[in-house]
Amino acid sequence: MEFGKKLKKIAEAQRKLALRVVESPLEIEKVQTVAAVDVSYRENTARAAFLLCSFPDCEVLKTKVVETEVSFPYVSTFFFLRETRPILLALRGEDFDLLLIDGHGKAHPRGYGLASHVGLLIGRPTIGVAKKFLRGAPERSFVRVGKAYVSVGYLIDLDSAARIVETLLERDYPKPLRLADRLSKRGSL
């Protein structure tokens with residue numbers, strides 16, 4: 001099948017999966033641990049970093065880095081096809097209350113970005129935290145917190161997501177994701 005036709009089918013699947021995203025308030029006082037994942041690339045190798053910290057003080061409890069080959073190229077708005085596998089490998093065997101993902105959730109032109117996809121797959125609350133606005137994102141699907149664009153991933157509402165990210169801000173960006181980014185690029189904190 002031609003690549004363009006394949007992307008159209010995947011886009012339609014995203015629209016259907018967006019209807020399965022559960023958005024609900026999260027009892028923030030029950031959150032004790034927050035995980036963050038980020039992926040960096042060197043040619044066709046992805047390095048996914050997992051970081052677990054306590055909440056709300058963000059003391060680092062655990063880190064892990066996994067590497068894997070990447071089979072899908074970077075295509076805007078189809079980021080989840082490239083990053084899901086490395087992220088799932090990094091999350092394997094880990095326990096946490098909430099996950100921050102470097103990418104969009106519902107703030108996506110089709111209402112279903114990386115944070116929503118991973119959240120749906122793992123069945124845990126996820127928050128999409130992106131450095132850039134994605135053109136075509138639905139109105140009111142994100143909020144700016146510091147330098148981050150925050151959106152619902154899965155099993156959380158936008159207000160709860162914004163409050164959690166605001167609590168974790170350090171230098172205008174959530175500390176767990178900043179550390180996960182560093183870990184994915186350097187292999188250490």
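This report covers a pocket, a hairpin and a helix in a predicted model.

Local features need pLDDT of at least 70, and side-chain atom pairs count only at pLDDT 80 or more, while totals for chains, interfaces and linings use all residues. Residues are numbered from 1 along each chain as its sequence is written, and side-chain values use heavy atoms, without hydrogens and water.

The largest pocket holds about 530 Å³ of space. A pocket is an open set of points on a 1 Å grid over the protein atoms alone, where a 1.4 Å probe fits, with protein on both sides within 12 Å along at least five of seven lines. Its volume is the space filled by probe spheres set on the points, which are joined across faces, edges and corners. Lining residues have an atom within 4 Å of a point. There are 26 of them, and Tyr74, Phe79, Asp102, Gly103 and His104 are the closest to the centre. β1 (33-42), α2 (79-91) and α5 (175-186) each give two or more residues to the lining. Elements are DSSP runs numbered from the N terminus: helices (H or I, at least four residues) and strands (E, at least two).

| Lining class | Residues |
|---|---|
| Nonpolar (Ala, Val, Leu, Ile, Met, Phe, Trp, Tyr, Cys, Pro) | 10 residues |
| Polar (the others, Gly among them) | 8 residues |

Strands β2 (residues 45-54) and β3 (residues 60-69) run antiparallel, joined by 9 bridges; pairing takes at least two DSSP bridges. Thr45 has Glu69 of β3 as its bridge partner. Between the strands lie 5 residues, and Cys58 in this hairpin takes a positive phi near 60 degrees.

**Helix α5.** Buried residues (under 20% relative accessible area, 1.4 Å probe, protein chains only) of α5 include Pro176, Leu177, Arg178 and Asp181. Just after α5, Gly187 has a positive phi of about 85 degrees.

How values were computed
Buried means under 20% relative accessible area, exposed over 50%, partly exposed in between (1.4 Å probe, protein chains only).
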